[in-house]
Amino acid sequence: MDSAEQLPLSEQEQLSADVTQRAKELQRLLQRASYEYYVLDAPTMEDAVYDKLYHELVDLETRYPELITPDSPTQRVGERPARQFKSVRHNIPLYSLENAFGNEDLARWEERWRRNAADAKEVEYVCELKIDGNSLALTYEHGVLVRGATRGDGIEGEDITQNVRTIRSIPLRLNIENPPPIIEVRGEAFLPLESFNQINQERENAGEALFANPRNAAAGTLRQLDSRIVAKRKLDFFAYTLHVGSQEAGFALRLSSKGGRRQKAEGEEGGEDGGEIQNSQSSISNLQSPILTQWQVLQTLKQLGFRVNPEGAVCADLAAVMAYCDRWSTERTQLPYMTDGVVVKLNSLALQERLGFTQKFPRWAIALKYPAEEAPTVVERISVNVGRTGAVTPLAEMKPVQLAGTTVSRATLHNRDRIAELDIREGDTVIVRKAGEIIPEVVRVLYELRPEGTHPFEMPTHCPECGQLLEKPEDEAVTRCINISCPAILRKSLEHWASRDAMDIAGLGEKWVVQLVDNGLVKSVADLYDLTAEQLLTLERMGKKSAEKLVQAIADSRQKPWSRVLYGLGIRHVGSVNAQVLTDAFPTVEALSQASVEDIAAVYGIGTVIAQSIYDWFQIPTNQELISRLQTAQLQLHSELRTQNSGLHTALSGKTFVITGTLPTLKRDEAKTLIQQAGGKVTDSVSKKTDYVVVGEDAGSKLQKAQDLGITLLTEETLLELLNLSNE
């Protein structure tokens, strides 16, 4: 039969073809929408429309798993944590940059490279802001992201592809119709300041140490084994280098016939939109013809779908470079991300190739580093602040001083050990700076300027708020108030309970919390749910309409999920991400409150420190009373049943499991978490109360006892079938 006279597709085959085409169309629409939103910062699709299309794609891929592709928008976050990161060798080494610390260093660098290229005449430079983040190497095969790796030592890094996929500004598929076999892109992953501040606020609320700067926070985030945690932290990415195969990008681009804007002329600066080159519906048809400059590389990266820092510029000479660096030394404080310098590159790729590398650095690039800004001021008073967990933190209250674009008047002194190390006193002249240009800190004391008659500061022995004798655990540097009725602890606890990531009670801000506590209307978070509008009207400057709105907002918070409630309780070391993980493993408050330290610690990502903190919290009678009152107030202290596992929880609820031996693919704690998430319980010993024993290789006496008692035995495969997680 002639190929042009094919038989019509059957109804089932036609349906399959339609479904496949629809899935591809949804992927294309969602990829384009993400590019417009995260890269161009010019969204054209409304959030509600995006969500509807996304859920349609999820539904299709759930019904037809064969439609799932690595570059599907649904595949950005992995369901299971990675067990570890593998070391990978970079195809092309990631060189570090030589540092310059002023205009003299820049001039000497120019003299050096000119000695190696004496015949170079008029030379342009490209200046790009040096983003304070972490370098990544991204590998695309036939246009699809297959690997994301850390810089490491420049020769070898760690494969963190699962985490890289969560960064929305990194395309899973390049915007190119006929991609070459391999494209490698280098760039910087970073945390925007808004995300960084939110993470630190969350860590402070959980009683955890704060990240000193966004770079450290980004590094810690990228090395999280659970990509769901990475996704919540909202990393971003700027691309700056392109390689095709094993060679530096030597290719130009030709826009497809679908249309698009002109390519910007060499040397033309990008605008505030990040230098968009083309209409978002068009794509590169091919990579061909030599690209001659670094600036053209940046334009190509934009067209491929990457964010490129919009503040880059072509400079005609070194004087223009110096002017650019001087301008950003002050203007950088207005950016929504951290930058600690400027990277200067020769614009000509031919000249770059000619100059080559030293053993450590490229000869054609250098990084001008800005010094950390410091300023002197006078300590007027040393006070202490009592936090939500009872931590008593000393603070230096200083004469206001301008630092990194903001006015600084207070700086944390951390604890009594830091005070003793500095020997800081009221009246001292000190040097302050912003740690990572974020958190104000006292660097040193100018003892030669110390006035006469000063006295060493001594931490109080009793809480300044409630008078309770303070305690300092032997294994901690922090001094704490242990009175859970302390007004300071209560105020902070209420603010935390009402915060966005907890119960999100609109209108319950600091000023109302202070009045509620001072007037005796609220003595625990449970009291909030007994408040009436009439009671609130007794507060200063509280109107009837505001009172009614606040009562309604408190009532609405009853519907917040169990994970939000757990986070809102303010148990030390429990942040919002840990709370979600815990409530997945313990779907009811009863399950968590009755769990042992070992049971809690076995949950992936929790560990013994957090587990002990949770266990201890639930042993306190006043906390048990609080839980009882919250149950009476009808808050959600259990997880909703998951639709996809609707029959699962009924089947395993109350069932007891024992795991023995080595399982083929699952670690024991992973199997335990899966069982607990399904409503089951895992114990260490076999008894008549045991319902199932999961058996692996080298099972010991537990297997024999289970056989003697006639208990049902499961392999890993049958366990996964029971959990509806098999690969069928």
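The questions and answers below concern a predicted model.

User: Which residues of the largest nonpolar core touch the most other members?

Analyst: In this predicted model, the largest nonpolar core holds 56 residues, and its largest share, five residues, is supplied by helix α20 (residues 607-619). Apart from it lies another core, of 39 residues, which includes Phe237 and Leu349. Within the core of 56 residues, those that touch the most other members are Trp497, Ile505, Leu528 and Tyr529.

User: Is Trp497 buried or exposed?

Analyst: Leaving aside residues up to four places away in sequence, Trp497 touches a set of residues that includes Ala502, Ile505, Val525, Leu528, Tyr529, Leu569 and Leu635. Because buried means under 20% relative accessible area, and the relative accessibility of Trp497 is 0%, Trp497 counts as buried.

User: What geometry does the aromatic pair of Trp497 and Tyr529 have?

Analyst: The pair links distant parts of the chain, with Trp497 in helix α12 and Tyr529 in the loop between α13 and α14 (533-536), 32 residues apart. Tyr529 is buried, at a relative accessible area of 8%. The ring centres lie 6.5 Å from each other, with 85° between the planes; since planes over 60 degrees apart count as edge-to-face, the pair is edge-to-face.

User: What is the centre-to-centre distance in the aromatic pair of Trp617 and Phe618?

Analyst: The structure holds 13 aromatic pairs, and ring pairs also link Tyr95, Phe357 and Trp364 into a cluster. In the pair of Trp617 and Phe618, Trp617 counts as buried at 12% relative accessibility, and Phe618 is buried with a relative accessible area of 6%. The planes of Trp617 and Phe618 make an angle of 80°, an edge-to-face arrangement, and the centre-to-centre distance is 5.1 Å.

User: Which strands lie at the edges of the open sheet of four strands?

Analyst: The sheet has the order β22-β21-β23-β24 with parallel pairing, and its twist averages 35° from one strand to the next. An edge strand pairs on one side only, and the strands that do so are β22 (681-683) and β24 (712-714).

User: Which residue in β23 stands opposite Ile659?

Analyst: Strand β21 (residues 656-660) and strand β23 (residues 692-695) run parallel and are joined by four bridges. The residue of β23 that stands opposite Ile659 is Val694.

User: Where is His142 found, and is His142 buried or exposed?

Analyst: His142 has a positive phi, near 50°, in a residue other than glycine. His142 lies in the loop between β4 (134-141) and β5 (144-150). Because over 50% relative accessible area is taken as exposed, and the value for His142 is 51%, His142 counts as exposed.

User: What is the relative accessible area of Asp504?

Analyst: Asp504, although not a glycine, has a positive phi of about 50°, and Asp504 is found in the loop between α12 (487-498) and α13 (510-518). Asp504 is among the residues that Trp497 touches. Asp504 is partly exposed, and its relative accessible area is 38%.

Conventions
Residues numbered from 1 in each chain as written. Predicted model: local features only at pLDDT ≥ 70, side-chain atom pairs only at ≥ 80, totals over all residues. Heavy atoms only, no water. Helix = DSSP H or I, 4+ residues; strand = E, 2+ residues; numbered from the N terminus. Buried < 20%, exposed > 50% of the residue type's maximum accessible area, 1.4 Å probe, protein only. Pairing = 2+ DSSP bridges. Axes fitted to C-alpha atoms, helices over the stretch in contact; angles between N-to-C directions. Core = buried A, V, L, I, M, F, W, Y, C linked by side-chain atoms within 4.5 Å. Contact = heavy atoms within 4.5 Å. Phe/Tyr/Trp six-rings, centres within 6.5 Å; stacked < 30°, edge-to-face > 60°.
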